Amino acid sequence: MSTLTNFKSNQACDLSFSNNKMKIIMEDGREISIPLEWFPSLRNATEIELNNWRFIGDGEGIH
């Protein structure tokens, strides 16, 4: 019996903020939107603060 397995990438390749959400684009094309409300440190951040980010671990994390 064969099993079809689809391995998805865990690396992010882009990130943006809009409408109180953080949008993460993954290497495999998936888009993930997360409410800023879930992150107290981002919830009241200014636009300048929100745009001061970088990927860590080759896209496995965000700082």
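What pattern does the chain follow, read along the sequence? It is β-β-β-α-α-β-β. That makes two helices and five strands, where helices (H or I, at least four residues) and strands (E, at least two) are DSSP runs, numbered from the N terminus.

Some ground rules before the details. This is a predicted model, in which local features need pLDDT of at least 70, side-chain atom pairs count only at pLDDT 80 or more, and totals for chains, interfaces and linings use all residues. Residues are numbered from 1 along each chain as its sequence is written, and side-chain values use heavy atoms, with hydrogens and water left out.

Now the chain as a whole. The chain has 63 residues, and 22% of them are buried. Buried here is under 20% relative accessible area, exposed is over 50%, and partly exposed is in between, with a 1.4 Å probe and protein chains only. The exposed surface comes to about 5200 Å², and carbon and sulfur atoms supply 49% of that area. Those areas are from the Shrake-Rupley method with a 1.4 Å probe; for residues, only the protein chains shown count as cover. As for contacts, meaning heavy atoms within 4.5 Å, take those between residues at least 6 apart in sequence: 21% of them join residues at least 24 apart.

Ala12 is in strand 1, and with a relative accessibility of 11% it is buried. What does Ala12 contact once neighbours within four places in sequence are left aside? The list is Ile24, Ile25, Met26, Phe55 and Gly59. Gly59 is 47 residues away along the chain, yet its C-alpha atom is 4.8 Å from that of Ala12.

Met26, one of those contacts of Ala12, belongs to strand 2, residues 21–26. Met26 is also buried, at 8% relative accessibility.

On to the loops. Most residues other than glycine have a negative phi. Asn20, in the loop between strand 1 and strand 2, has a positive phi near 60 degrees. Is Asn20 buried or exposed? Its relative accessibility is 64%, so Asn20 counts as exposed. Not counting residues up to four places away in sequence, Asn20 touches Ile34, Pro35 and Leu36. Its C-alpha atom lies 9.3 Å from that of Leu42, 22 residues away along the chain.

Asp58 also has a positive phi near 60 degrees. Asp58 sits in the loop between strand 4 (55–56) and strand 5 (61–62), and at 68% relative accessibility it is exposed.

Then the aromatics. Rings of Phe, Tyr and Trp (its six-membered ring) pair if their centres lie within 6.5 Å; planes under 30 degrees apart are stacked, over 60 edge-to-face, and the rest tilted. How many aromatic pairs does this rule give? One. The partners are Trp53 and Phe55, with ring centres 4.9 Å apart and planes at 70 degrees, so the pair is edge-to-face.

Last, the largest pocket. A pocket here is an open set of points on a 1 Å grid over the protein atoms alone, where a 1.4 Å probe fits, with protein on both sides within 12 Å along at least five of seven lines; lining residues have an atom within 4 Å of a point. The volume is about 150 Å³, taken as the space filled by probe spheres set on the points, which are joined across faces, edges and corners. The lining includes Leu15, Phe17, Leu50, Trp53 and His63. Strand 1 (12–18) and helix 2 (47–50) are the elements that give two or more residues to this lining. By class, there are eight nonpolar, two polar and one charged residues; Ala, Val, Leu, Ile, Met, Phe, Trp, Tyr, Cys and Pro count as nonpolar, Asp, Glu, Lys and Arg as charged, and the others, Gly among them, as polar.
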